[in-house]
Amino acid sequence: MGNAIKPHIKNAEKTGVLQLANIGLTEFPRELFQVVGVLRTLDLSNNKIGNIPSSIAQFTNLKNLSASQIRITSLPGEIGILKKLETVNFSMNELTTLPSSFAQLVNLRTINLSKNKFTELPSVFSNMKRLELLDMSHNKLVEVPDHVKEISAIEINLNQNQIAILSEAIAECTKLKVLRLEENCLQLQAVPEKILTDSQISLLAIDGNLFEAKDLHAREGWEKYMERFTATKKKLY
């Protein structure tokens with residue numbers, strides 16, 4: 001495997017970018033430590049690595065880390081040392097929780113945790129003031145709890161979970177513009193009116209739940225929501 005990686009390492013020495021997706025890796029390559037000081041982007045996706053070692057902490061200049069579909073069940077606590085990270089993709093793994101140190105990644109802009117096995121919304125996102133997208137679609141979430149109000153994301157994607165309870169605290173997310181809740185287990189009465197009347201949400205995607213989307217149109221605040229929706233649409237054109 002060393003010979004297969006060697007040209008990638010040479011390229012990374014010049015560019016700071018290391019693309020190792022889909023090359024048959026079965027472990028975290030030791031050769032990576034040759035570029036530990038210069039690496040800014042690392043893609044390990046679609047390999048059978050099975051584990052991200054604690055030594056990932058040495059890659060302190062990393063800004064983008066993609067580790068999708070590498071058969072991991074957990075992240076090392078040392079992940080929190082990588083404070084320059086702006087984008088992480090841990091989709092299509094077997095994650096159920098995040099280490100508390102994940103909260104230290106305050107420069108994150110994009111977090112992709114889709115297609116894992118989370119049953120609860122982690123409470124580690126509250127200090128991430130630059131967060132633009134949190135994707136937790138295709139998990140096993142059953143509830144959106146009160147601490148969701150601490151998330152500063154512009155878009156939260158919770159499509160295709162098993163959500164039946166939606167805290168009205170989500171209306172307090174001051175930056176949240178796009179909320180995706182398609183194909184969950186929500187009843188009409190479980191959708192808080194505050195989302196329509198008192199939030200910044202201008203795109204609420206809610207098809208595929210236990211009610212007809214048009215039934216939401218009769219709820220108090222629908223016209224207010226549509227004003228935000230229309231105003232946002234006009235800005236795009």
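Visitor: How many bridges join strand β5 to strand β6?
Guide: Three. Keep in mind that this is a predicted model. β5 covers residues 110-112, β6 covers residues 133-135, and the two run parallel.

Visitor: And which residue is the bridge partner of I111 in β6?
Guide: That's L134.

Visitor: OK, zooming out: in what order do the strands of the open sheet come?
Guide: The order is β1-β2-β3-β4-β5-β6-β8-β10-β11, nine strands with parallel pairing.

Visitor: Which strands stand at the edges?
Guide: β1 (17-19) and β11 (203-205). Each has a single partner strand, so one side of each has no neighbour in the sheet.

Visitor: By how many degrees are neighbouring strands turned against each other on average?
Guide: By 5°, with direction ignored.

Visitor: Switching topic to N93. Where does N93 lie?
Guide: In the loop between β4 (87-89) and β5.

Visitor: Is N93 buried or exposed?
Guide: Buried: the relative accessible area of N93 is 3%, and the cut-off for buried is under 20%.

Visitor: What is N93 in contact with, leaving aside neighbours within four places in sequence?
Guide: A67, S68, Q69, I70, R71, I72, K115 and N116. Take Q69: Q69 and N93 are 24 residues apart along the chain, yet their C-alpha atoms are separated by 5.2 Å.

Visitor: Which backbone atoms does the N93 side chain meet?
Guide: Two to look at. A polar atom of the N93 side chain lies 2.9 Å from the backbone oxygen of A67. The side chain of N93 also reaches the backbone nitrogen of I70, at 2.9 Å.

Methods. Residues numbered from 1 in each chain as written. Predicted model: local features only at pLDDT ≥ 70, side-chain atom pairs only at ≥ 80, totals over all residues. Heavy atoms only, no water. Pairing = 2+ DSSP bridges. Helix = DSSP H or I, 4+ residues; strand = E, 2+ residues; numbered from the N terminus. Axes fitted to C-alpha atoms, helices over the stretch in contact; angles between N-to-C directions. Buried < 20%, exposed > 50% of the residue type's maximum accessible area, 1.4 Å probe, protein only. Contact = heavy atoms within 4.5 Å. Polar contact = N/O pair within 3.5 Å; in protein donor to acceptor, adjacent residues only side chain to side chain.
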